[in-house]
Amino acid sequence: MGRPYLGRAHARGLDVSVLDTSAALGWEETKAALGLGDQGYPVTATDDEGWLAAATTALADGPVAGVLGFSEPHIVAAAMLAEELGLPGPGVRAAVISRNKLMQREVFGRVGLNQPEYLHARDARAAESFAASRYPVVLKPLFSMGSPGVRIAADHYELRAWANEQPANASFLVEEYLDGPEFSVEALIVDGVPVFESVTAKTTTVAPYRVELAHHVPAGLDAADRQAISTLLRQVIGALGMRTGVVHFELILRSDGPHIVEIATRTPGDYLMDVIQAATDVDLYDAAVAAACGLPVNLPPGAAGTPPRMASVWFPTPPVGTVSAVEGVERVEKLPGVVKIEIDVAPGDEVHELRSSMDRVGMVVYQAPDRRELDAVLARVRDELRIAVTA
């Protein structure tokens, strides 16, 4: 995840201190990406204390131009370091709130923003009482990264089974289920003001897990819906006190307007940065590095207007079982319109039930001048790529 930022920093003439686990720093791809002036610092524990301890060592080795946290486990530590050093960043308050789903609900509720009804449940009995007249409901761990652990429960049997799987004494959120199309906003914020924003449409599985199967940029919304989403983004940023950085804001669009799902004060996963660049020519990897260092952000002319192309990322979904063959990857790489392909399984690997983004087996990013041709590119990809599975 961090290698694109490393490359963009090098392009700007910056040396980089990389904080990561010892295993990740030992990967051949990571070692090959490090420049002569770069340094790796192993993190022995991936809680806030572990990240900060590694940073203390790094800080002793020289002055720092910027601090960039791009993944959920380290955004609070990165925000603390940026604030301590007087450098741009999201701010500690915004980072802490974004890491806790209950804090988000409380903060956004106090300023009257559209979001689901919810209960902070400390046991299954309280959750069942809240859910009794609301099924289906959404069940969420407070601190999970992305979708792992999130489930839609259709009745009290499913709710009770999910609650019994949670760690002992762990509280959780029970939320009203909002039916409607799902979107996300990826936005660059500088000094509290969005300077670039892009809306992504999602294609997901059905309940109970709603895992993303594809993302599409631009989202194909009418002007009124785009404006309503943009307004809500600014309200959310204001409520968080978000200062500088890229945010990933998820929402559901209903007849009465957009409703908040959650926001992360970090760059998104799911290769959305690559999709956005393929559609808009905006390099959010470079923008994130520049913003963190207080450098000028290079946005192409017309970045605020209609994107010159359409782009998507598609996640193949083979059936559950053991992979027996993977074919066509090299042919897909050469197809016109294909930007990037990564397949993360090989013969002998297991394909699991699709319960979260962690269960996906790979992706293809592709682009085209219009939706008809975009669909045609995906059809060609599907024709060439084969992931064979035996039950």
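Okay, a definition to start: two strands pair if DSSP finds at least two bridges between them. Strands here are DSSP runs (E, at least two residues), helices are H or I runs of at least four, and both are numbered from the N terminus.

What you're looking at is a predicted model, where local features need pLDDT of at least 70, side-chain atom pairs count only at pLDDT 80 or more, and totals for chains, interfaces and linings use all residues. Residues are numbered from 1 along each chain as its sequence is written, and side-chain values use heavy atoms, leaving out hydrogens and water.

So, the strands. Strand β7, residues 182-190, pairs with β10 in the antiparallel sense over eight bridges, and across that pairing E186 stands opposite H248 of β10. On to β11, residues 257-264: β10 pairs with that strand too, antiparallel, over seven bridges. There, L253 has P258 in β11 as its bridge partner, and a hairpin of two residues joins β10 to β11.

And how buried is β10, residues 245-254? Nine of its ten residues are buried (under 20% relative accessible area, with a 1.4 Å probe and protein chains only), so the rest of the structure largely encloses β10.

Who touches whom between α8 and α9? The axes of α8 (residues 124-131) and α9 (residues 156-165), lines fitted to C-alpha atoms over the stretch in contact, come within 10 Å and cross at roughly 150°. That makes the two roughly antiparallel, a label for angles over 145 degrees. In contact, meaning heavy atoms within 4.5 Å, are A124, R125, A127, E128 and A131 of α8 with H156, L159, R160 and A163 of α9.

Conventions:
Axes fitted to C-alpha atoms, helices over the stretch in contact; angles between N-to-C directions. Parallel < 35°, antiparallel > 145°, perpendicular 65-115°, else oblique. Buried < 20%, exposed > 50% of the residue type's maximum accessible area, 1.4 Å probe, protein only.
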